[in-house]
Amino acid sequence: MRDIDKIYIDGQFVTPRGKEKADLYNPSTEEKIGVVQLAGVEDAREAIAAAKRAFPAFSRTAKAERIGMLKRLNAAVTARVSDLTEAMALEYGAPQTFTRFAIPHATSSFLTMASVLEGYEFERHMGRARVVMQPAGVAAAITPWNSNIGFVTSKLATAIAAGSTVVIKPSEMSAIQTQVLAECLHEAGLPKGVFNIINGLGHVVGAELSRHPDIAKVSFTGSTAVGREILRSAAETFKRVTLELGGKGPNIILDDADLNVAIPAVLRMGFINSGQACIAGTRILVPKHRLDEVLGRLKQEVETFKVGAPANPDVVIGPMVSQKQYDRVQSYIELGTREGASLLTGGLGRPIGLERGWFTKPTIFMDVNNQMRIAREEIFGPVLSVIAYSDESEAVSIANDTPYGLQAYLHGTDASRLQALADRLDSGRVVINGAPHEPLAPFGGFKQSGIGREYGVFGLEAFLEPKAVIA
Ligand code: NAD
């Protein structure tokens, strides 16, 4: 049993004043594995005050100093990669197929930001003006449970690069992962108050960060519903807000696609992070004349996917994070059938042989149209929909007919046609033929997938305000 009873404020691990506690579970076994003592509003205010005290000196540090800090943070986190991986497997059920990408992605975010910072000019001239990019002020970072370590490190790296101090509120369901990460970050020896990390409930600590007048900038990753609430309360004091929200990504197979290449790529991105990913390509768009062939290949391939606990390296799909998330995914599987879609594979209940743990069968619906709720709403589990299209224009219009616009996928063999199609999609990112993640490129969404961009120069500038000095 883990007892997480500390938060990190002003360079120290301290006991929260908040009295509420939350239980922590192993989603692979449903066993309670720990308790976290949650921060309250008073703790949030103390963390904000610490970040505010640290801001004047930190915002004036030289670029080279901050590059040094980012390198130290990278070294400190890299030193405990195996503890971080273990925590992610225990508390979140992340399969090794995911942690093999997620942990290096998290540790490298400091070095990526260091390289962005190296090449970034904080001053430029425009006409008669000297334009200075100045840190906006104390930042708040609020993150979800589905890739806790990576979201915390990338937001922290960007804040440090910008010269912003920050209060981080990770998901209360990720307290063990947060504890290991906070211990690593502490080892980097940054000035006290530069970053503060507090576990707490969204409507308590998250809400305080979104409304407190001393917070100038909120960087939020999470659901569209909570993003809307944060935007509303941030409006009172005109905070700068970056919102990374939900998605319902189109995964488009073109008529010239080589299915030997496309089918594994489609499923990899459909079921990424056990389906608990905003970037999942959950709507598989298939040309009508190749539908039977594609359905056959999808079914064949999915039925080889191993579902189970992360200890087994062959597992591709781990458990849902909680009973609530398991129930939500089950309710969407039920809904799909009620809406008139048919199951190609998967369905209700746990996979055979997995009686304990919040495991869901990887499920694919066919006979889906884009107006069904299973095609419009984010399910956040391993449930995909196949939608047939007759020509390229219809594929584009189905792809864009969604409230979201985070990440789209194209699969085909004609490079110039793929580039031209990418230009027609309303999506923050378009990934061609399963290309790997690019950490220097902007990440974020059109429409209800969010506001603003993270990563690279775009991410850095979201923490800065331009100031024109005219002489
Ligand atoms: P969530 O929105 O419920 O919670 C996210 C964070 O916000 C948590 O730390 C939570 O405590 C906090 N929060 C909750 N209510 C709040 C409030 N009123 N004020 C301030 N903070 C509050 O999301 P979740 O269930 O943790 O994560 C799943 C969601 O995150 C999915 O919708 C998914 O699409 C989204 N997500 C988006 C991205 C992206 O980059 N676009 C990445 C991962 C996850």
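How many residues surround the ligand, and which are the closest? The count is 29, and the closest are Thr143, Ser223, Leu245, Cys278 and Glu378; a residue is near a molecule if one of its heavy atoms lies within 4 Å of it. Keep in mind that this is a predicted model, where local features need pLDDT of at least 70, side-chain atom pairs count only at pLDDT 80 or more, and totals for chains, interfaces and linings use all residues. Residues are numbered from 1 along each chain as its sequence is written, and side-chain values use heavy atoms, with hydrogens and water left out.

**Around the ligand**

- Glu378 puts a polar side-chain atom 2.6 Å from an oxygen atom of the ligand.
- Leu245 uses its backbone instead: an N or O atom there lies 2.5 Å from a ligand nitrogen atom.
- At Gly222, a backbone N or O atom is 3.4 Å from an oxygen atom of the ligand.
- On its own the ligand exposes 840 Å², and the protein buries 89% of that (Shrake-Rupley method, 1.4 Å probe).

**Aromatic rings**

- There are nine aromatic pairs in the structure; rings of Phe, Tyr and Trp (its six-membered ring) pair if their centres lie within 6.5 Å, and planes under 30 degrees apart count as stacked, over 60 as edge-to-face and the rest as tilted.
- Phe98 and Phe101 make a tilted pair, 6.4 Å centre to centre with 50 degrees between the planes.
- Both of these Phe residues sit in helix α4 (residues 96-119), three residues apart, or about one turn of the helix; helices here are DSSP runs (H or I, at least four residues), numbered from the N terminus.
- An α-helix has 3.6 residues a turn, so residues three or four places apart point the same way.
- Phe98 is buried at 8% relative accessible area, while Phe101 is partly exposed at 39% (buried is under 20%, exposed over 50%, partly exposed in between, with a 1.4 Å probe and protein chains only).
- Tyr8, Phe13 and Phe195 form one aromatic cluster.

**Charges over rings**

- Lys217 has its charged end over the ring of Phe463, 4.9 Å from the centre; the test is NZ of Lys or CZ of Arg within 6 Å of the ring centre and within 35 degrees of the ring normal.
- Arg350 lies over the face of Tyr326, 4.8 Å from the ring centre.

**Helix α5**

- With 15 of its 15 residues buried, α5 is largely enclosed by the rest of the structure.
- Gly163 follows α5 and has a positive phi, near 90 degrees.

Definitions and conventions: Helices (H or I, at least four residues) and strands (E, at least two) are DSSP runs, numbered from the N terminus. A polar contact is a pair of N or O atoms within 3.5 Å; within protein, one must be able to donate a hydrogen and the other to accept it, and residues adjacent in sequence count only if both atoms are side-chain atoms.
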